[in-house]
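Please keep the sequence and the structure in view while reading.

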Amino acid sequence: ATKVVSDFPLFVNSNGVTSGAQNGFNAGSYTVSETGQSGYSAVISGDCASNGAVTLTVGDVKSCTITNNDIKPATRTHGFWKNHFRYTSSVYGSSREHNPLIWKICSNTSESTISSRTELFGGFWANIAKTTYGSRRTPLDQARMQLMQQLLATILNHEKFGSGSLDMINNAKSAYCANDRSAILAQATILGAFNESGDSLPFAPNPGKANPILSRISANLAQWNSLP
């Protein structure tokens, strides 16, 4: 949830103050500060220096503003997750251990849980148009595969970088598990844009080189022949 003013306690030196309320202080040097929050960067402006320093003389009336901006989280595209075998496997393994329910896609069938690395890469590498038998998927299932590939990337982005939201993921799951092709394609577009939104932002540690050959041979494609 987006933070509000009350989530950032304010101080002049060690004295707590209230946003928007005028306070009286003796002449002297002071430092304006706040208790910051993860995911936000603070910029101090007004009559304060960028580090919050301000000097008062008798009769001064000064105002300082602290603006907290969201720090845009990193994301990576489904192509990144699809091809970085070791990095993707590590993120998936940690997520499956600590948050396994996020990998359950449809609540009405036990088969729709991404329960192994081979299933994960199978989802990324499955042919959108055809099954492994060479039979053409229905238009509905083609849409589902488009959404699934973006959804897998979105879940990995959420689990690794804390980007996106559970509401976004759950909305996509609901569309995937239903039968409205237009809604499925709309969710695929939304997740595709999200997965690209922070793709240029750096992150640590270095994910290493892509290894699409290893990713591809590890993919259980047959798992995706039958969709909900």
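Contact here means heavy atoms within 4.5 Å. The model is a predicted one, and the account below should be read with that in mind.

Helix α2 itself runs through residues 85–98 and has 14 residues. From its first C-alpha to its last it reaches 20 Å, close to the 20 Å expected at 1.5 Å a residue. The buried residues of α2 are Phe-85, Tyr-87, Thr-88, Ser-89, Val-91, Tyr-92 and Ser-95. An α-helix has 3.6 residues a turn, so residues three or four places apart point the same way.

Two packed helices are described by the angle between their axes and the distance between the axes. For α2 and α4 the angle is about 75° and the axes are 10 Å apart. Angles of 65 to 115 degrees count as roughly perpendicular, and α2 and α4 are therefore roughly perpendicular to each other. On the α2 side, Tyr-87, Thr-88, Val-91, Tyr-92 and Ser-95 take part, and they meet Leu-156, Glu-159, Lys-160 and Phe-161 in α4.

Helix α4 also holds Gln-150. Is this residue buried or exposed? Gln-150 counts as buried because its relative accessibility is 16%, and the cut-off for buried is under 20%. Leaving aside its neighbours within four places in sequence, Gln-150 is in contact with His-78, Ala-188, Leu-191, Gly-192 and Asn-195.

Helix α5 (residues 166–177) and helix α6 (residues 181–197) have axes that come within 9 Å and cross at roughly 150°. Angles over 145 degrees count as roughly antiparallel, and α5 and α6 are therefore roughly antiparallel to each other. Their crossing is left-handed. Met-168, Asn-171, Ala-172, Ala-175 and Tyr-176 in α5 meet Ala-183, Ile-184, Gln-187, Leu-191 and Phe-194 in α6.

The loop between α6 and α7 contains Ser-200. With a relative accessible area of 70%, Ser-200 is exposed.

The strands remain to be described. Four of them form an open sheet in the order β2-β1-β3-β5, with antiparallel pairing. At the edges are β2 (15–17) and β5 (53–56), each of which pairs on one side only. On average, and with direction ignored, neighbouring strands of this sheet are turned by 35° against each other.

Within the sheet, strand β1 (residues 10–12) pairs with strand β3 (residues 28–34) in the antiparallel sense over three bridges. Leu-10 has Glu-34 in β3 as its bridge partner. Strand β3 also pairs with β5 in the antiparallel sense, over four bridges, and here Thr-31 stands opposite Ala-53 in β5.

Which residues of β5 lie on its covered face, and which on its uncovered one? Val-54 and Leu-56 make up the covered face of β5, whereas Ala-53 and Thr-55 make up the uncovered one. In a regular strand the side chains alternate between the two faces of the sheet.

Note on methods
Residues numbered from 1 in each chain as written. Predicted model: local features only at pLDDT ≥ 70, side-chain atom pairs only at ≥ 80, totals over all residues. Heavy atoms only, no water. Helix = DSSP H or I, 4+ residues; strand = E, 2+ residues; numbered from the N terminus. Expected span 1.5 Å × (residues − 1). Buried < 20%, exposed > 50% of the residue type's maximum accessible area, 1.4 Å probe, protein only. Pairing = 2+ DSSP bridges. Axes fitted to C-alpha atoms, helices over the stretch in contact; angles between N-to-C directions. Parallel < 35°, antiparallel > 145°, perpendicular 65-115°, else oblique. Left-handed = near helix turned anticlockwise from the far one by under 90°.
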